[in-house]
Each structure stands twice: as C-alpha cells, then as structure tokens.
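Biologist: I would like to learn how to read the features of a structure. Please take them in turn, with the general idea before the case.

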Amino acid sequence: MSGTVGTTKDLPPGRYGISGLLRSEWTKLRSLRSTMWTLGITVVLGIGISALATAETRAHWSSMSIGDRLSFDPTSTSLIGVFVGQLTIGVLGVLVMSGEYGSGTIRATFSAAPRRPLVLVAKAAVFGLVALVAAEIVSFLSYFLGQALLGAPATHTTLGSPGALRAVAGSGIYLCLIGLCALGLATIIRHTAGAISAFLGILLVVPIIVRALPTSLANEIERFMPDHIGAAVVSLHMGQYSLAPWTGLVVLCGYAVALLVIGGVLLVRRDA
Amino acid sequence: MIEAKGLTKHYGPKLAVDQLSFSVRPGVVTGFLGPNGSGKSTTMRMIMGLDAPNAGDVTVNGRHYHDLAWPLHEVGALLEAKAIHPGRSARAHLRMLAEANHIALRRVDEVLAIVGLSSVAGQRAGKFSLGMSQRLGIAATLLGDPEVTLFDEPVNGLDPDGIRWVRNLLKGLAREGRTVFVSSHLMSEMALTADEVVIIGRGRLIAQIPIDELLAQSSQRYVRVRSPGIAALKAALERGGAATVLEEDGSLSVRGPDEIAIGELAASIPVVLHELAPQSASLEEAFMELTEDSIEYHGASTTGSVLSSEGVK
C-alpha cells in the first residue's frame, strides 16, 4: 500500500465536542426555511392575537359590567397570544428532531458525532435559546402593544405593576419550556405526525379528560397540567387550585428534563 | 482497515447478518457484494456505529466507531443518497457536518467542486435528482479527507458519465492508500472497480477473494473454438475428458483444458483453428453460482441474471 494519506494524517488535538456540535445545530436550525417560517409565525401570530384580544376589550369597555371591569386582568389578556405561540413553538420543537429522522439526516449527524446524548444536549441548548429569545419577543411585545391598546379608561398595567414583569418574562420562559418538552417527545417518538399528535394531545386533550374527573380529583391533577401552569404564570390573581407561578415553571422544567432524559436514553439504546 | 468478527444482527426473529467476519485492507478497492436484502447495508450501519450488533464486533482502524476522536476525519461514508433534509441546501448540509468535526469551512466548497455541485451549492437538496444527491453524499464522504471510506451502492441513479467518475474516484482513493469499501448488488460493476470482493448471501459470508481469483475459480470458465474440422477436434477433446458443447453459431465451447492444451491438441491432429478464445464466465454468472442458494427473494424466473436488474427488491 502506498500510504500517502491514511496513516500519516494529522488529526486536530483532543476530540470532537460540544462547541462544534453547538455550531452545527445552529447551522441546522437557521438553514431551514421551515424553521424561520415557524418562528416568524410564532411571533406574528402571538403578538397579533394579543393585540386583537386587548383591542376587543377596549372597544367593549364602556358596555362591560362593573364586575367584569373589576375582575379584568389586563396583563394576562395582553399575553393571550402566548397560548397560541405554544402550539407553533411546540411544532418547531418536534420538527427539530423528527425532521432529522424523517429525512435520514440523523445518520449523518450520528456519523459525525457518535456520542448521541451530546448531540441531544447541543440540540436542546440551541433550540432552547432560540425558542426563549423568540418567546420573550412575543411576550414583551404582546404586553407593551396590549397595554398601549387598552389605555384609559380601561384598566392597564406597566411593567412596574406588582407581578407584571414576572408574568411577562415568565410567559416567555413558559413557551421555551413547552418547546423543550416537545423536543423531548419527538426524541422519544421520532415521527413528526406521532410526536405532534402526542404534544397536542397532552396540551389540549388531556386537560379535557381531567376536567371530566370528579372535581376534587380534577383540581388536584389540573394544577400540574402544562396549560394550567401557563395560565398561573400569566395571571396576576393566583387561583386557589394553581401552583405558584415559579413553582409551576420549575415543575414544567422538570417535565422537559424528564422527557429529554428518556429521549436520550432511547437514543443510545435504539438503532439510528 | 475495517475488521468484522462474528458480526450478527437480527431484527426481531429475522436474522439480517449472521456470524460475519471479514477484513478490508487499505490501498485496494474492496467490493461488498450480495443480492438485495443480503445484509450489506445493515453491515455498513454496524461499521458506522448506527446499528448495534447483537453479537460480534467491528472496528475501524482498530477502534469502535463510537470511540473515534474525530469521526469524519477518520471515516467517510455514503450510506443512502437521499439522507439529506430536503429543505436544506447542499452547502448548509456539508457545513453542519464540517462544524461538528472542526473541519475548515473552505473544505465544504472544495468537496462541492470535486463532485461537480458548485453551481447548485445553494439550492435546496429536495430539488436534487438521485444522481445529484449521490454526488452530495460523496462530497460528505470526502469532507474530512478520511482514511477509511464506505460507499453503499454509490452508482445508483448515476448516468454513465457519473458511473465512470465514481469508478475512477474509488480507484483513486485506493491508490492514495485509503481503505475503500463499496457495496453493490451488481457484479459487473464490481468487476470494473474492485480488486477484492467480500461476498455475502443471507447475511452470511460466502467468500472473500481477489476478483481475478473469483473468475479463475469459476467452473464456468471455458474456451471458444472455431475450426473447419470441428467434429474431429470435438471427438479428440472428449476422448481427453473435456466437456464440449457445440453452439448454434457453429463454435465449440470447451470446458476443462485451457487454450494452450486445446491448441496443441489441434496441431497434433492436425486441425486448422479459426478461433481459440478463452472465455471468462461473466462475473455475473460467477456471482450467481456462488449465491444461488442464498438469494432471499427469487423473482418469477431466476434463470436470467436477475441480480443485474435494478428493480429487484
């Protein structure tokens, strides 16, 4: 054999690792038009729905009853778009992983980086950060636009109002964690359609089933449901059967970590 | 260097690869031959650490794929052409691989030029033809300038020009001292590219031999003879124990003695020869003979060279 290349080749020092994988995942994310579209739709739809809800309230303010006016929560109304945004962020979280399985790119990915949990960590970090930035843009812009639209004489708040900053920043964190839960689900399920169904099922269908249970039991379970945690985060009035906002976010973070860890274990165990 | 020892993989009750042992050395093109469904792709995935073997072991340069420090600098593989996200451009696909292994980004444009995709580098891979996807897959294989290369059916979907280009590429890689392992279900393709072949059927090793030895070994080797005195020659040959068949075109196919022995016999009769041509059985036939018992999915008629037709699954 005439080993002109082969054995004499100089390798870089050390070993491939997280820094390269983070850059790789960032390239993957921004090189797909579908990612950019989904993020764009999340932002536009989220802010748009919030604006619509607040403008609607303002328009009917004079005809609202005193009771309705008193119980009106301007902060949560202006953040209502977050609950639409969670659907698109979730779909993006699913696609980030299932898209690799669907196209077969996952085999190229694991050929470049056979330590699969490291790939998942990089993916979750990059997607999580992008989702957080997009989500905070949605919640802050929704809030400011909503409060501006409400205006006097309708009740409105400022970021300085008690609990307002927590509700706004918290709802961005909520969205990001929902996205990471979806990423974890997709790592477990691997198929786009299946993972999106599971995600929407947990977010939208399971709460309906829970509400069909005896009230005392439903109240106990409901507070741990993601949608309920989200509602508690954006609301300034703490419900009797809700987790405290930060407690809720910690629980949600626990869900995301659990799903990602299960996904990571399966990544290692299953053939790619 | 790729070494497999007792490699075994089953999917449920179905045995895909069965106690497979072989070694692929650097500096030559090693063909990996077997009918469709014989376990070639599964074996390649196990080499790449994508599928875990149920038993046995496979190493690349003495190490498991999982333990390589810089996988793409050490091993390049074309596993399936369409394994690229349809929404991503060729350049972005290569870029994300390069970044994962700290490969300089200018190398991305280099390999795109090598495979002739520079002009469509920014286009989405979903619009690529199968041939273009193959070229992109080959670009990814060359990205890290690896010492060990694997190609699973690399000429699928390529036009004749592309096929010739792949052949030359594979031979060039081997000449540079690299390990080149290329699978195909087409014996004829391997005859033109490979120096050595690993032949499997139903997941089991049938043979690992140099390609000319495979040809020489084949019982289908024969000599074609034309002569005005063919009857006399035929009789003399048969007396000497040779098997002869008088073909429809008037030529005589002789099995047993080689062309030297036949020529000398003809001279001793004496009989004038118009043609004395040693015939290799086509590799296709040699391959058929070897894998006869191990073809998993027989077509309705298996007398022709079923294995050379693209459509057999």
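Modeller: H5(A) passes H8(A) in a right-handed crossing. A crossing is left-handed if the near helix is turned anticlockwise from the far one by less than a right angle, and right-handed if clockwise. Helices (H or I, at least four residues) and strands (E, at least two) are DSSP runs, numbered from the N terminus. Before going on, note that this is a predicted model, in which local features need pLDDT of at least 70 and side-chain atom pairs count only at pLDDT 80 or more, while totals for chains, interfaces and linings use all residues. Residues are numbered from 1 along each chain as its sequence is written, and chains are lettered from A and ligands numbered from 1 in the order in which they are written.

Biologist: At what angle do the axes of H5(A) and H8(A) cross?

Modeller: Two packed helices are described by the angle between their axes and the distance between the axes. Here the axes of H5(A) and H8(A), residues 164–189, cross at roughly 35° and come within 7 Å. Axes are lines fitted to C-alpha atoms, for helices over the stretch in contact, and angles run from 0 to 180 degrees between N-to-C directions. Among the residues making the contact are Gly85(A), Ile89(A) and Gly93(A) of H5(A), and Leu175(A), Gly179(A) and Ala182(A) of H8(A). Two residues are in contact if their C-beta atoms, placed from the backbone, lie within 7 Å. By class, this contact has 14 nonpolar, eight polar and no charged residues. Ala, Val, Leu, Ile, Met, Phe, Trp, Tyr, Cys and Pro count as nonpolar, Asp, Glu, Lys and Arg as charged, and the others, Gly among them, as polar.

Biologist: How many helices and strands are there in chain A?

Modeller: Chain A has twelve helices and zero strands. Its C-alpha trace spans about 90 × 40 × 30 Å along the principal axes. Of its 272 residues, 44% count as buried, meaning that 20 or more other C-beta atoms lie within 10 Å of the residue's own; with 12 or fewer a residue is exposed, and in between partly exposed, the C-beta atoms being placed from the backbone. Among contacts in chain A with a separation of 6 or more, 82% are between residues 24 or more positions apart.

Biologist: In what order do the three strands of the open sheet in chain B lie?

Modeller: Strands of a sheet pair through backbone hydrogen bonds, either parallel or antiparallel. Two strands pair if DSSP finds at least two bridges between them. The order in this open sheet of chain B is S2-S1-S4, with antiparallel pairing. Strand S2 (14–24) and strand S4 (55–60) of chain B are the edges, each pairing on one side only. On average, neighbouring strands of the sheet are turned by 25° against each other, direction ignored. Helix H1 (residues 40–47) of chain B packs on the sheet and touches S1, S2 and S4 of chain B, its direction making about 120° with that of S1(B). Seven bridges join S1(B), residues 2–11, to S2(B), and His10(B) stands opposite Leu15(B) in S2(B).

Biologist: Why is strand S3 of chain B largely enclosed by the rest of the structure?

Modeller: Strand S3 (residues 29–33) of chain B is largely enclosed because five of its five residues are buried. In a regular strand the side chains alternate between the two faces of the sheet. In S3(B), Val29(B), Gly31(B) and Leu33(B) are on one side and Thr30(B) and Phe32(B) on the other, and all are buried. S3(B) pairs in the parallel sense with S7(B), residues 179–184, over five bridges, and with S8(B), residues 196–201, over four bridges. Val29(B) has Val180(B) as its bridge partner in S7(B), and Leu33(B) has Ile199(B) in S8(B).
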